[in-house]
Amino acid sequence: MKTEWLESFIETAKTKSLSKASEQLHMTQPALSKQMRKLEEDLGVTLFIRSATGVELTSAGEILLQEGESILSSVHALQKKLVSTQEACDLTIGTWQSMAAFYLPYQLASAKDHNRHIDIKTSHHYYDLLEQLESNQIDGALFDDREIQHTYWSKLLFKEDFYLFVNDPR
């Protein structure tokens, strides 16, 4: 069982909807459905009762939800411990020019690990970033992936409010 499948399962179980969960996970609903089918096949059980109004957990799904959150917590804690044993290494992040100019400078300046050297490579299109990620030219990519089919693990880092400014018609 892949941890990303378990994360997707938990989100689906909590929202009781494949479409709502896919939105929260920034993936398409068909991709999430495929993940859930693979998880069910891998475990050899049915986890959901699917209907037009959403999904309900089977008894196996209830057990996986109860145990899955603690499993994920343990996996994340283990990953953190393992990473902490490594010496700081250089990191190359690919992103759009706007992110490199406005978001990353503040985040990097406030980062606690000052021994790490971080390079930023910019691109105009996410296809270029995915290609660089695939060819190991960059270690990670920072962009909006809601409409993109990919096999990479991704996580929402922040939400940004946009405001509309208009002239006062008075």
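**Entry 1: confidence**

I am working with a predicted model. I looked up the confidence before anything else. The mean pLDDT of the protein is 82, and 92% of the residues reach 70 or more. I then went through the elements. Strand β2, residues 54–57, has the highest mean pLDDT, at 93. Helix α5, residues 97–109, has the lowest, at 76.

**Entry 2: the hairpin**

I turned to β2 and its partner. β1 covers residues 48–51 and pairs with β2 in the antiparallel sense. I find four bridges in this pairing. Two residues lie between the strands, and together β1 and β2 form a hairpin. Opposite Ile49 stands Glu56 of β2.

**Entry 3: the open sheet**

Next I checked the order of the three-stranded sheet. It is open and runs β4-β3-β5, with parallel pairing. The edge strands are β4 (118–123) and β5 (140–142), each pairing on one side only. Neighbouring strands are turned by 30 degrees against each other on average, direction ignored. I followed β3, residues 91–96, to β5 and found three bridges. Ile93 has Gly140 of β5 as its bridge partner. Helix α5 packs on this sheet and touches β3, β4 and β5. The direction of α5 makes about 135 degrees with that of β3.

**Entry 4: Gln132**

I picked out Gln132, which lies in helix α6, residues 126–134. Is Gln132 buried or exposed? Its relative accessibility is 14%, so Gln132 counts as buried; the cut-off for buried is under 20%. I left aside the neighbours within four places in sequence and listed the contacts of Gln132: Lys121, Gln137 and Ile138.

**Entry 5: salt bridges**

I searched the whole structure for salt bridges and got two.

Lys14 pairs with Glu69, with the closest N and O atoms 2.7 Å apart. This pair links distant parts of the chain, 55 residues apart: Lys14 sits in helix α1 (residues 3–15) and Glu69 in helix α4 (residues 59–84). Lys14 counts as exposed because its relative accessibility is 52%. Glu69, at 35%, counts as partly exposed.

Glu40 and Arg50 meet through their side chains in a salt bridge, at 3.2 Å from N to O. Glu40 is in helix α3 (residues 29–43) and Arg50 in strand β1, ten residues apart. I note that Glu40 is buried, with a relative accessible area of 11%. Arg50 has 39% and is therefore partly exposed.

Definitions and conventions. Residues are numbered from 1 along each chain as its sequence is written. This is a predicted model: local features need pLDDT of at least 70, side-chain atom pairs count only at pLDDT 80 or more; totals for chains, interfaces and linings use all residues. Side-chain values use heavy atoms; hydrogens and water are left out. pLDDT is the predictor's confidence in each residue, from 0 to 100. Two strands pair if DSSP finds at least two bridges between them. Axes are lines fitted to C-alpha atoms, for helices over the stretch in contact, and angles run from 0 to 180 degrees between N-to-C directions. Contact means heavy atoms within 4.5 Å. Buried means under 20% relative accessible area, exposed over 50%, partly exposed in between (1.4 Å probe, protein chains only). A salt bridge is a side-chain nitrogen of Lys or Arg within 4 Å of a carboxyl oxygen of Asp or Glu.
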